[in-house]
Amino acid sequence: MTTPQLPDAAERADLIETLDKHRGFLRYTCRELTDEQAATRTTVSALCLGGLIKHVTGVEARWTSFVTGGAAAMEAQPVDWEGQFRMAEGETLAGLLDAYAEVARRTDELIATLPDLSAPQPLPERPWFPPGTAWTPRRVFLHLIAETSQHAGHADIIRESLDGAKTMG
């Protein structure tokens with residue numbers, strides 16, 4: 001038996017491919033690092049490579065919760081607003097990358113199988129969202145691409161400051 005093809009399969013494939021491309025850039029900045037290096041701040045910001053992996057993992061998981069369960073599901077997940085950007089005692093880069101891979105797998109599956117990419121849901125009430133704003137799953141996935149891409153750029157700067165390695169060039 002074959003699985004029926006959703007009418008917007010090409011769009012879904014594009015979303016998955018683009019998100020995976022930017023995830024790959026981010027993961028690549030962490031190649032061949034020790035846990036100590038991954039936890040090192042190399043700029044005046046509080047960011048480190050392990051913390052960025054941890055942050056994007058949490059962000060992607062929360063946004064996919066929003067897609068499947070609305071604002072209440074997203075808000076049910078606790079967020080350590082400061083701790084999400086650094087590696088905690090006992091965390092390893094390998095463990096953070098494994099968690100990121102699992103969240104990415106679930107997100108890709110959701111993108112591929114969600115019945116409707118166009119059904120809007122109200123966003124949680126936050127100062128950074130205009131009141132009454134609603135996003136579709138499509139908008140959420142585009143936001144995840146932008147968020148991942150932005151943090152991949154941050155990671156590239158951190159990595160170059162750490163040991164001169166670059167993602168590209």
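This report describes the overall fold of one protein chain and then several of its residues.

The structure is a predicted model. The secondary structure of the protein chain consists of 5 helices and 2 strands. In sequence order, these elements form the pattern α-α-α-α-β-β-α. The radius of gyration is 17 Å, close to the 15 Å that the globule rule gives for 169 residues, so the chain is as compact as a globular protein of that length. Along the principal axes, the C-alpha atoms fill a box of roughly 45 × 40 × 30 Å.

**Burial, surface and charge**

Of the 169 residues in the protein chain, 41% count as buried. The protein chain exposes about 9,300 Å², and carbon and sulfur atoms supply 56% of this area. When contacts between residues at least 6 apart in sequence are considered, 75% of them join residues at least 24 apart.

**The loop between the strands**

Thr133 belongs to the loop between strand 1 (121–122) and strand 2 (134–135). Is Thr133 buried or exposed? Its relative accessibility is 19%, and buried means under 20%, so Thr133 counts as buried. The side chain of Thr133 reaches the backbone oxygen of Pro130 at a distance of 2.6 Å. If residues up to four places away in sequence are not counted, Thr133 touches Gln121, Pro122 and Leu123.

Pro131 is also located in the loop between strand 1 and strand 2. Exposed means over 50% relative accessible area, and Pro131 has 82%, so Pro131 counts as exposed. Pro131 and Leu117 are 14 residues apart in sequence, and their C-alpha atoms are 22 Å apart in space.

**Residues in and around the helices**

Glu32 is placed in the loop between helix 1 (9–28) and helix 2 (35–38). With 78% relative accessibility, Glu32 counts as exposed. What is the value of phi for Glu32? Phi of Glu32 is near 55 degrees, a positive value in a residue other than glycine. Most residues other than glycine have a negative phi.

Val79 lies in the loop between helix 3 (49–75) and helix 4. A relative accessibility of 25% falls between the limits of 20% and 50%, so Val79 counts as partly exposed. Leaving aside neighbours within four places in sequence, Val79 is in contact with Arg62 and Gln84. Val79 and Ile158 are 79 residues apart along the chain, and their C-alpha atoms are separated by 23 Å.

Ala112 is part of helix 4, which comprises residues 93–113. Ala112 has a relative accessible area of 37% and is partly exposed. Which distance separates the C-alpha atoms of Ala112 and Ala13? These two residues are 99 residues apart along the chain, and their C-alpha atoms are separated by 7.4 Å.

**Accessibility of the selected residues**

The table collects the relative accessibility of the residues discussed above.

| Residue | Relative accessibility | Class |
|---|---|---|
| Thr133 | 19% | buried |
| Val79 | 25% | partly exposed |
| Ala112 | 37% | partly exposed |
| Glu32 | 78% | exposed |
| Pro131 | 82% | exposed |

Notes
Residues numbered from 1 in each chain as written. Predicted model: local features only at pLDDT ≥ 70, side-chain atom pairs only at ≥ 80, totals over all residues. Heavy atoms only, no water. Helix = DSSP H or I, 4+ residues; strand = E, 2+ residues; numbered from the N terminus. Rg over C-alpha atoms; globule rule 2.2 N^0.38 Å. Buried < 20%, exposed > 50% of the residue type's maximum accessible area, 1.4 Å probe, protein only. Contact = heavy atoms within 4.5 Å. Areas by Shrake-Rupley, 256 points an atom, 1.4 Å probe, with all protein chains shown as cover. Polar contact = N/O pair within 3.5 Å; in protein donor to acceptor, adjacent residues only side chain to side chain.
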